[in-house]
Amino acid sequence: MTNPINEIQQLYHRYRLLVFAMLMLLITALILVFLQRALVLPVLGAAVLFHLFLLRPCQKQYTNSVTRANLMQTVCRTLGSDGPAQKGGTLITSDTIANSGLMPCGDENSQPLLCWEIQGKKKDMTLTLCDATIPQNFHLVEKGKKRVHFNAGVWIHLDLPADTQLHFKLIDETAVPTPIRMEYFSQKHTFETASVGDPDLGKRFVFYRPRDSRQQPSPALLKKLRALMEYTPGYVALGINGSRMDVFIRGRFLARAVSASTRPSQALLDFDPLPELAYVVELADAVL
């Protein structure tokens, strides 16, 4: 895999030149206020067109190039993936999220925004992940006005090499806000809440299992989940259903914010945006 740092630095240099040109247009408009007011609006119009058709596309190209290169150097290399797809919704879809049974996922009028989709393998498991912004409808009071909350984070779907014979959810209360979670699971009459089985996790996580199943997460799984909880600044929702496992980490993303004020470096491209991925693989190992 070739190192893209030189190409990205050239894009950054071009972007900075365009920013400087934009600044000159605005300064010119300011000067014309005192010298020739009739020319102010044409110069401002030119500045608007310059921003829409030159500066903004260049900025978008630069940030997307940095994100792609960063993911290629880190997550894609870990999973042996060919590369990320900037537009998601092909491998992870709204059905993937809905079928996980972890949280509501929009309706016919609002669908999740999925981007930077990656698929690869690790330890005989197929992992698919993407950044997800999920619309979640809820009511604060029964029969009240419908409200929409946008829950954003990274979604990780794992196809396990064997059927675990398990079907349960472990959800951090902050991963899915309490009013939304309670309304959602109140409609799932086949599930019940039960003790998590770990006092530290029990302070934050809610455990859902099929009614009368008496399923319980193993101590090994709880140990790995506690390690992930203590490590990540995000909030975890975990669902297991047979040979499928879904993990949503609210507040964590594959695409990092790209600063236009700092010159890109190799260290920027090599910085792992999702070190939690190793913890998720260990979680799956503990289930098998």
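In which helix is the place of L269? L269 sits in helix α8 (residues 266-270). Helices (H or I, at least four residues) and strands (E, at least two) are DSSP runs, numbered from the N terminus. The model is predicted; local features need pLDDT of at least 70, side-chain atom pairs count only at pLDDT 80 or more, and totals for chains, interfaces and linings use all residues. Residues are numbered from 1 along each chain as its sequence is written, and side-chain values use heavy atoms, with hydrogens and water left out.

L269 is buried, at a relative accessible area of 0%. Here, buried means under 20% relative accessible area, exposed over 50%, and partly exposed in between (1.4 Å probe, protein chains only). L269 and L71 are 198 residues apart along the chain. Their C-alpha atoms are separated by 7.9 Å.

The chain as a whole has 9 helices and 9 strands. Its C-alpha atoms fill a box of roughly 80 × 50 × 30 Å, taken along the principal axes. Of its 288 residues, 44% count as buried. Contact means heavy atoms within 4.5 Å. Among contacts in the chain with a separation of 6 or more, 69% come from residues 24 or more positions apart.

Two helix pairs were examined. Packed helices are described by the angle between their axes and the distance between the axes. Axes are lines fitted to C-alpha atoms, for helices over the stretch in contact, and angles run from 0 to 180 degrees between N-to-C directions. Angles under 35 degrees count as roughly parallel, over 145 as roughly antiparallel, 65 to 115 as roughly perpendicular and the rest as oblique.

Helix α1 (residues 5-35) packs with helix α2 (residues 40-73) at an angle of about 160°. Their axes are 9 Å apart. α1 and α2 are therefore roughly antiparallel. The crossing of α1 past α2 is left-handed, meaning that the near helix is turned anticlockwise from the far one by less than a right angle (right-handed if clockwise). Residues of the α1 contact with α2 comprise 25 nonpolar, 5 polar and 1 charged. In this scheme Ala, Val, Leu, Ile, Met, Phe, Trp, Tyr, Cys and Pro count as nonpolar, Asp, Glu, Lys and Arg as charged, and the others, Gly among them, as polar.

Helix α7 (residues 219-231) and helix α9 (residues 276-287) cross at roughly 170°. Their axes come within 8 Å. This pair is therefore also roughly antiparallel. From α7, the contact includes A220, L221, K224 and Y231. From α9, the contributors include E276, Y279, E282 and V287. The residues of this contact divide into 11 nonpolar, no polar and 3 charged.

W116 is buried, with a relative accessible area of 6%. D124 is exposed, with a relative accessible area of 67%.

S81 occupies the loop between α3 (75-79) and β1 (85-87). S81 is buried, at a relative accessible area of 13%. Its side chain reaches the backbone oxygen of Q119 at 3.1 Å. Not counting residues up to four places away in sequence, S81 touches C76, I118 and Q119.

Note on methods. Polar contact = N/O pair within 3.5 Å; in protein donor to acceptor, adjacent residues only side chain to side chain.
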